[in-house]
Amino acid sequence: MKTNYIKSLDGIRFLAVTMVLIDHWSGDRLGFPASYLGVCLFFVLSGFLITRILLSAKEKDTELKRGHRFSLKRFFIRRTIRIFPIYYLTLGLLFFFNVPPVRDKIFWLVTYMSNNYIAFNSSWLGSVDHLWSLAVEEQFYLFFPFLILFLPLRNLQKAMYFLIGFAILLRAYFFFSGASWIQPYVLMPACLDAFGLGGILAMAVYYQKQKALDFLNKPWSPLLGLLIYVFINIWMASYTDHHNGVSVILLRFSESLLSVSVLGYLITHDTGKSLLNRIFEWRPLVYIGQISYGIYIYHNFVYNAYHSS
């Protein structure tokens, strides 16, 4: 199970992108921030998959008694091949057809810093505002491989916990300092609890930490994650201001816990094939999950209810 393909995770990608699409196309008619949860699920999944890949590379480097330069180079080449073509092709077409605000904000877009523009200006970017989450992921990729490959194994889990705590405290700082809710929502460091929890899950699976796996294996594990998420949403809704301390500081953490609990349950049942595994391994869901990156990039150009309100 160390680095084998887990089919149900493509089904999870379907769920994540579907929540984003429905929320953006319906204009929050679901009654809960589905797009927030969908994006966070992508972040947790990235944290899990990237950590697992890098742990395997680290182990192989040690076995072959070589440095980590080869693994770093291979990681960045693979990320580039997977992510850049469709992203820059899309930007090129939008620039050519002069779709606003691409030409005006092209620097921020081509450098994967659109999230920083949004944060610094407390303003979204219209048809390309959804690219902020891709910018967060790319910025995460810039430092995370070095953390995994060069930090001693005995310190890795502590580093993950540090990332989680740092992100929560950073969001609290932004909230209590009176900053716009947008800043703690889109800045990469404020998203690190999602990536960190995904990383902890990867370490538990890769190194077969039995206590953690036994906990995640239980049916009530995802139910507990759901219960925490529902509680946070009810608490959040009790405030008149939609962007309150609960939503800014705790919502993403509860989304991450729910994501980890569902992913952990699917992963620990990958050989036993629970009902949930069979649902997320249904071929249409898996196929849509496999093309979810392209769907996510293009969906905003079809329609976004928030842009029409």
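**Note on aromatic pairs and selected residues**

1. At 37% relative accessibility, Phe146 counts as partly exposed, a class that lies between buried (under 20% relative accessible area) and exposed (over 50%), with a 1.4 Å probe and protein chains only. Phe150 is likewise partly exposed, its relative accessible area being 48%.

2. On the basis of these values: this is a predicted model, in which local features need pLDDT of at least 70 and side-chain atom pairs count only at pLDDT 80 or more, while totals for chains, interfaces and linings use all residues. Residues are numbered from 1 along each chain as its sequence is written, and side-chain values use heavy atoms, with hydrogens and water left out.

3. A search of the whole structure returns 31 aromatic pairs, where rings of Phe, Tyr and Trp (its six-membered ring) pair if their centres lie within 6.5 Å, and planes under 30 degrees apart count as stacked, over 60 as edge-to-face and the rest as tilted. One of them joins Phe75 and Tyr141, and because the ring planes stand at 85°, with the centres 6.0 Å apart, this pair is edge-to-face. It links distant parts of the chain, since Phe75 belongs to helix 3 (residues 69-96) and Tyr141 to helix 6 (residues 132-150), 66 residues apart; helices here are DSSP runs (H or I, at least four residues), numbered from the N terminus.

4. Phe75 is buried, at 6% relative accessibility, and Tyr141 is buried too, at 5%. Phe146 and Phe150 also form an aromatic pair, which is stacked, with 6.2 Å from centre to centre and 15° between the planes. Both Phe146 and Phe150 lie in helix 6, four residues apart, or about one turn of the helix.

5. Arg79 lies over the face of Tyr141, at 5.6 Å from the ring centre, and Arg103 lies over that of Phe95, at 5.0 Å.

6. Phe301 is found in helix 15 (residues 292-302) and is partly exposed, with a relative accessible area of 31%. Leaving aside residues up to four places away in sequence, Phe301 touches Thr90, Leu94, Ser127, Val128 and His130, contact meaning heavy atoms within 4.5 Å.

7. Ser254, in helix 12 (residues 245-268), counts as buried at 1% relative accessibility. With residues up to four places away in sequence again not counted, Ser254 touches Ile228, Tyr229 and Ile232.

Methods: Helices (H or I, at least four residues) and strands (E, at least two) are DSSP runs, numbered from the N terminus. A charge sits over a ring if NZ of Lys or CZ of Arg is within 6 Å of the ring centre and within 35 degrees of the ring normal.
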